[in-house]
Amino acid sequence: QVHLEESGGGLVQAGGSLRLSCAASGWTFSYNTMAWYRQAPGKQRELVAQITSGGVSDYEDSVKGRFTVSRDNAKNTVYLQMNSLKPEDTAVYYCNTLRRTYAWGQGTQVTVAS
């Protein structure tokens, strides 16, 4: 059974850092481009970062230079290192394949205080 579990969120002051993790199970993780998404209150879920099976990454413009996505295929885990956090980064963060193939996990809340 496919399962996505995000962790690592929390409350941080503006300018701070967090590292999110997403543990995936139930399929051959290494075959897929994986992605991080976020959903702020009252807004649609948006793509934040993506990483191919070979490690090539891309980012939404507002997080370029601040966020870094990485993956460990042996551990079926994808990470999101978030630095220089801003209040507008406040959201629930989710992972999934780039095609949003699987059911969403519960996400992890990131709150950035000004």
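These notebook entries record what I looked up in one predicted protein model.

**Entry 1. Ground rules**

I worked from a predicted model, in which local features need pLDDT of at least 70, side-chain atom pairs count only at pLDDT 80 or more, and totals for chains, interfaces and linings use all residues. Residues are numbered from 1 along each chain as its sequence is written, and side-chain values use heavy atoms, with hydrogens and water left out.

**Entry 2. The chain as a whole**

I began with the secondary structure and found zero helices and ten strands in the protein chain. Helices (H or I, at least four residues) and strands (E, at least two) are DSSP runs, numbered from the N terminus. Along the sequence I therefore read the pattern β-β-β-β-β-β-β-β-β-β. The radius of gyration, taken over C-alpha atoms, is 13 Å, close to the 13 Å that the globule rule (2.2 Å times the number of residues to the power 0.38) gives for 114 residues, so the protein chain is as compact as a globular protein of that length.

I then noted the box that the C-alpha atoms fill, which is roughly 40 × 25 × 20 Å along the principal axes. The protein chain exposes about 6,000 Å², by the Shrake-Rupley method with a 1.4 Å probe. Carbon and sulfur atoms supply 45% of that area. Of the 114 residues, 40% count as buried; buried means under 20% relative accessible area, exposed over 50%, and partly exposed in between (1.4 Å probe, protein chains only). I also looked up contacts, defined as heavy atoms within 4.5 Å. Among contacts with a separation of 6 or more, 52% come from residues 24 or more positions apart.

**Entry 3. The six-stranded sheet**

I traced an open sheet of six strands in the order E2-E10-E9-E4-E5-E6, with mixed pairing. Strand E2 (10-13) and strand E6 (57-59) stand at the edges with a single partner strand each, so one side of each is left without a neighbour in the sheet. The twist averages 25 degrees from one strand to the next, with axes fitted as lines to C-alpha atoms (for helices over the stretch in contact) and angles running from 0 to 180 degrees between N-to-C directions.

I checked the pairings next; two strands pair if DSSP finds at least two bridges between them.

- E4 and E9 run antiparallel and are joined by six bridges; Met34 has Thr97 in E9 as its bridge partner.
- E9 and strand E10 (residues 108-113) run antiparallel with three bridges; Ala91 has Val110 in E10 as its bridge partner.
- Strand E5 (residues 46-51) and E6 run antiparallel with three bridges; Gln50 stands opposite Asp58 in E6.

I also looked at the cover of E9 and found seven of its seven residues buried.

**Entry 4. Salt bridges**

Side chains of opposite charge can pair when their charged atoms come close. A search of the whole structure gave me four salt bridges, each being a side-chain nitrogen of Lys or Arg within 4 Å of a carboxyl oxygen of Asp or Glu. Which residues are linked in a network of salt bridges? I found Arg38, Glu46, Arg66 and Asp89 in it.

Glu46 pairs with Arg38, the closest N and O atoms being 2.7 Å apart. Glu46 is partly exposed at a relative accessible area of 32%, whereas Arg38 counts as buried at 6% relative accessibility.

Asp89 also forms a salt bridge with Arg38, with the closest N and O atoms 2.9 Å apart. Asp89 lies in the loop between strand E8 (77-82) and strand E9 (91-97) and Arg38 in strand E4 (residues 34-39), so this pair ties together parts that are 51 residues apart in sequence. Both Asp89 and Arg38 are buried.

I recorded a further salt bridge between Asp61 and Lys64, where the closest N and O atoms are 3.2 Å apart. Asp61 is exposed, with a relative accessible area of 61%, and Lys64 is partly exposed, with 45%.

**Entry 5. Lys86**

Where does Lys86 lie? I placed Lys86 in the loop between E8 and E9. Its relative accessible area is 33%, and Lys86 is partly exposed. Leaving aside neighbours within four places in sequence, Lys86 is in contact with Arg66 and Val112. I also noted that the C-alpha atoms of Lys86 and Ala113 are separated by 7.8 Å, with the two residues 27 apart along the chain.
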